[in-house]
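Please look over the sequence and the model shown here. A short briefing follows, grouped by topic.

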Amino acid sequence: MLRRVAAAGLGGLVVAGLLAPAAHADGGEVCRRSGLVVTVCAEEAGKPVGNGGGNPRAASAGTESAAGSSAPKCYYERANPQPPPVNLAYKDRKGNEPGAVYRVSCPETMRVGVIWIPDGQEPGAEPQIDPEVLARQAVDSMTLRPPKVASPRADGRYLIGMPMWMWVEPGESRMGPVSVSASAGSVTVTATARVDRLVWDMGDGIKVTCHGPGTRYTPDQGKAMSPDCGHRYERPGEHPVTVTAHWNIDWTSTGSGGGTLTETRTTELVADLREAQVLNTR
């Protein structure tokens, strides 16, 4: 006797797993219903899960194996009535696309549950590939590191009123470009990530946006301001600084256009600002 749960999916709750039946019956099937609309059934091996009210449709859940045998068959039954929108099956729905929630049972593997199937797609058919999902998978595989701040140094001391030059160390994983491809079926997505801007929150109420890593200071610059990424503090003390890299990830898909995704990475440090006479006594 196989024991498994048929998730009716009628009350906004989906339960799947192995549970003991409430009792036995002559027909080999015992169901217990509660106010949560969860159905627990004990069924004979090979018997498709059904909850009445329709004829389950069988569909192959895969391709033939290397040995030539068919993959396990699954049975799909349209839920009637349909569960409310809070049901977990709706997570696969894209926007307001038409379709329905189906109960699915695979007797050979004991898989049971609910699934959203768009109109026009046969139950058990290979789902359509969403290129944006592939793009996000490509982004997840990227190594995008937070900025490596060269100035101001976390262990440095700086003078108030003096120009502060800010810059970060370059590198593909720090500033880009980083390119990754991901494929599923006949769809291939290529995503390329670059830092669009660095936003420096200087801890004194000022934010500085820099388009690029910044310019490294050299002694011959004297008291000049940085040409592209600088700040001037007017108050002494320790100022918490955060540097946030805003990444733009442009992706293209074979035959399906493309789009842009965004990511951020942040580094934190403290800038220690002193008055000139205090600094000179040390």
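**Briefing on the predicted model**

The protein chain has 3 helices and 17 strands; helices (H or I, at least four residues) and strands (E, at least two) are DSSP runs, numbered from the N terminus. This is a predicted model, in which local features need pLDDT of at least 70, side-chain atom pairs count only at pLDDT 80 or more, and totals for chains, interfaces and linings use all residues. Residues are numbered from 1 along each chain as its sequence is written, and side-chain values use heavy atoms, with hydrogens and water left out.

**Confidence**

- The average pLDDT (the predictor's confidence in each residue, from 0 to 100) of the protein chain is 76, and 70% of the residues score at least 70.
- Residues 1-54 have a pLDDT below 50, and this stretch makes 112 contacts in the model beyond near neighbours in sequence; a contact means heavy atoms within 4.5 Å.
- Residues 278-282 also stay under 50 in pLDDT, with 5 contacts beyond four places in sequence.

**Burial and cores**

- Of the 282 residues of the protein chain, 35% count as buried; buried means under 20% relative accessible area, exposed over 50%, and partly exposed in between (1.4 Å probe, protein chains only).
- The largest nonpolar core has 36 residues, and M142, L198, W200 and I249 have the most contacts inside it. Such a core is a set of buried Ala, Val, Leu, Ile, Met, Phe, Trp, Tyr and Cys residues joined through side-chain atoms within 4.5 Å.
- At least two residues of this core come from each of α1 (131-140), β12 (178-184), β13 (187-201), β14 (207-210), β16 (237-253) and β17 (258-274).
- With 7 residues, β13 gives the most to this core.
- A second, separate core of 7 residues includes C74, Y102, V104 and C106.

**Strand pairing**

- β13 and β16 pair in the antiparallel sense over 12 bridges; two strands pair if DSSP finds at least two bridges between them.
- I249 in β16 is the bridge partner of A193.
- Leaving out residues up to four places away in sequence, I249 touches several residues, including V139, M142, A193 and L261.
- β16 and β17 run antiparallel and are joined by 16 bridges; V243 stands opposite T267 in β17.
- The hairpin of β16 and β17 has 4 residues between the strands, and G255 takes a positive phi near 75° there.

**The loop at G171**

- G171 lies in the loop between β11 (167-168) and α2 (172-175).
- G171 counts as partly exposed because its relative accessibility is 29%.
- The C-alpha atoms of G171 and P213 are separated by 9.8 Å, with the two residues 42 residues apart along the chain.
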